[in-house]
Amino acid sequence: MNLTNPENFLHYHLKPTLADCTPALRLALNALRLGETNRLIFPRDEYHFYADEAEEKFCFVSNNSEGLKRIAFPLTGIRNAIIDGSGSRFIFHGRICPFHLDACQQVTIRNITIDYERTTFSQGEIIECTDQSISIRLPPEDSYFFQNGRIWFDGPNYLQGSYGGPYHRRDAYVHTLEFDAKRREPAFMARDCYRVPAHSFSETPDGLLKLNIEYPTPKPHVGNILAITHDHRDLFGICLNNCEKTTLESIVIHHAGAMGIIAQRSTDIHLVDCVVEPPPRHNRIVSTFADATHFVNCRGKISIRKCQFRNMMDDGVNVHGIYSPIKRIISPTEILIENAHHEQAGIQVVDANEEAQVICNHSLLPKGFLDIKSVTMINRYHWLVELNKPLPEGTQPGDCLESLHNTPDVNIEYCQFSSNRARGILATTPGKIRITNNYFHSAGSAIKIAGDANSWYESGSVKDVCIQNNQFQDCGYGIWGTGIIAIDPEIRPENHSNQAYHENIRIENNCFFTFHKDLIFARCVQNMVVQHNQIESSQNYPPKQQTFDYQKLVNCTNVASQFS
């Protein structure tokens with residue numbers, strides 16, 4: 001390919017129009033793969049990418065839906081490359097994922113805004129709410145039709161195959177959540193209404209969409225907005241798989257039909273000046289279908305700096321490993337493990353020639369260490385693990401394996417988290433965690449430190465956490481959390497031990513501007529210091545039923561607390 005300036009996307013016969021840029025993009029990406037250039041620069045404009053001619057790849061994506069996905073930017077094995085949008089808008093049409101990076105090293109993506117022509121949710125103003133139904137008015141762009149006694153949400157995201165083909169058959173259920181129209185955030189103490197049957201919808205003579213169900217209390221308020229998500233976690237924004245030294249800079253994601261940014265088994269990830277939020281000057285109330293950012297079984301350092309995450313349907317940042325249960329002990333040096341949660345399909349939890357540990361799935365405490373010899377994939381849920389030494393004494397089926405190497409350090413600073421459905425940050429890793437100089441206005445807990453080996457199977461215990469110089473503004477106005485800072489591994493009281501699960505946590509020099517006193521909840525923690533935090537009362541929300549005053553400790557040791 002004879003190009004005078006191959007790094008410039010215009011030299012691939014592209015003219016920014018409503019036409020599909022995907023064919024020209026394929027040529028440009030081939031130049032990256034062949035080493036003809038290591039820079040791909042888009043002149044600032046608006047570019048449209050359609051699913052029709054996008055490359056296809058089967059993807060296992062943790063905490064998202066596995067499957068065959070069409071991808072606009074499928075990057076495999078790329079090294080030392082820069083993709084620069086120069087401030088361009090990338091608009092995606094149909095069932096297409098923007099970026100998938102696999103086994104790439106030192107790749108930087110920057111100065112790009114991502115959005116979709118049709119989102120994987122709809123929203124409408126609540127016109128009427130009774131004990132038996134709720135009626136809303138959808139805008140024209142959130143189209144739908146009825147067929148076979150059920151609702152089908154319309155648009156290119158719901159077509160199967162080429163345009164004009166049959167409709168992609170989604171689940172027969174949807175999820176709804178009330179948003180406050182004035183505050184543009186989840187309504188005070190609103191509850192998720194899960195698995196609303198698609199056949200429970202109807203249309204009134206005056207064109208309102210009616211949900212014929214007994215809606216959970218508290219009932220939605222007339223004039224507020226009902227958000228309706230009606231898809232799987234299929235269409236991630238940016239996925240990093242087995243990548244090293246990735247930088248995402250000045251990326252804006254207005255919508256993704258799953259996680260905005262999801263990284264798995266990747267090392268050294270840096271996010272700078274990234275934004276997840278609905279598009280400005282638009283009425284859309286939801287940004288991403290799930291978390292803004294999510295990191296699974298990563299290594300090295302995760303740095304998130306000067307980012308803004310708003311109006312997601314789940315958390316802002318989630319960092320964790322994976323607990324993989326032992327399904328069968330074949331011999332003292334051979335076991336069969338499984339990926340117990342269906343959204344962890346195909347994700348390898350431990351590696352050959354590395355160290356892991358066995359934990360009790362009830363207490364989450366370690367039983368001993370493992371020297372991994374080999375790991376063989378049987379299928380997407382089962383793995384055969386061979387050991388150099390016998391299993392620790394007392395190991396039994398149901399106990400879980402946890403990698404001791406996929407434990408990144410996490411640094412989150414000068415970021416804003418607000419107006420999303422659930423929590424601000426979930427951080428569950430034994431690496432160093434630093435959460436400093438951030439702003440939180442979260443419906444649930446602003447910061448959650450967890451651990452669970454029976455539901456989502458997200459590991460692991462924290463060893464060194466500093467939460468410092470943050471501002472917590474009216475957090476906890478929703479149902480998602482037991483405190484503004486919640487340190488609550490899922491351990492039942494009968495499985496508590498003298499040995500704590502989490503340790504070495506400092507919470508200091510923060511400002512809590514709050515309408516309630518449920519500040520810090522801690523379970524199974526040792527060595528925690530809470531000091532020099534400022535608390536100011538707020539009247540911005542209705543009184544909330546409180547469960548404790550400032551702090552509640554369950555099975556904790558060596559805790560020094562001071563409130564002012």
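A disulfide here is a pair of cysteine sulfur atoms within 2.5 Å. In general terms, a disulfide is a covalent bond between the sulfur atoms of two cysteines. By that cut-off, this predicted model holds zero disulfides. Cys 524 is in no disulfide either, and the nearest cysteine sulfur to Cys 524 is 6.9 Å off, in Cys 556.

Are Cys 274 and Cys 524 buried or exposed? Cys 274 is buried, at a relative accessible area of 1%, and Cys 524 is buried too, at 2%. The classes are set as follows: buried is under 20% relative accessible area, exposed is over 50%, and partly exposed is in between, using a 1.4 Å probe and protein chains only.

## How to read the numbers

Residues are numbered from 1 along each chain as its sequence is written, and side-chain values use heavy atoms, with hydrogens and water left out. As this is a predicted model, local features need pLDDT of at least 70 and side-chain atom pairs count only at pLDDT 80 or more, while totals for chains, interfaces and linings use all residues.

## Around His 175

His 175 sits in strand S12 (residues 173–180); strands are DSSP runs of E with at least two residues, numbered from the N terminus. His 175 is buried, with 11% relative accessible area. Beyond its neighbours within four places in sequence, His 175 has contacts that include Asp 192, Tyr 194, Met 313 and Arg 421, where contact means heavy atoms within 4.5 Å.

With which side chain does the side chain of His 175 make a polar contact? The partner is Asp 192, at 2.8 Å. A polar contact is a pair of N or O atoms within 3.5 Å; within protein, one must be able to donate a hydrogen and the other to accept it, and residues adjacent in sequence count only if both atoms are side-chain atoms.

## Strand S5 and its partners

Two strands pair if DSSP finds at least two bridges between them. Strand S5 (residues 79–93) pairs in the parallel sense with S1 (residues 39–41) over three bridges, and Arg 39 has Ile 82 of S5 as its bridge partner.

S5 also pairs in the parallel sense with S2 (residues 46–50), over five bridges, with Glu 46 opposite Arg 89. Ten bridges join S5 to S7 (residues 105–116), again parallel; there, Phe 90 is partnered with Ile 114.

Key
Helix = DSSP H or I, 4+ residues; strand = E, 2+ residues; numbered from the N terminus.
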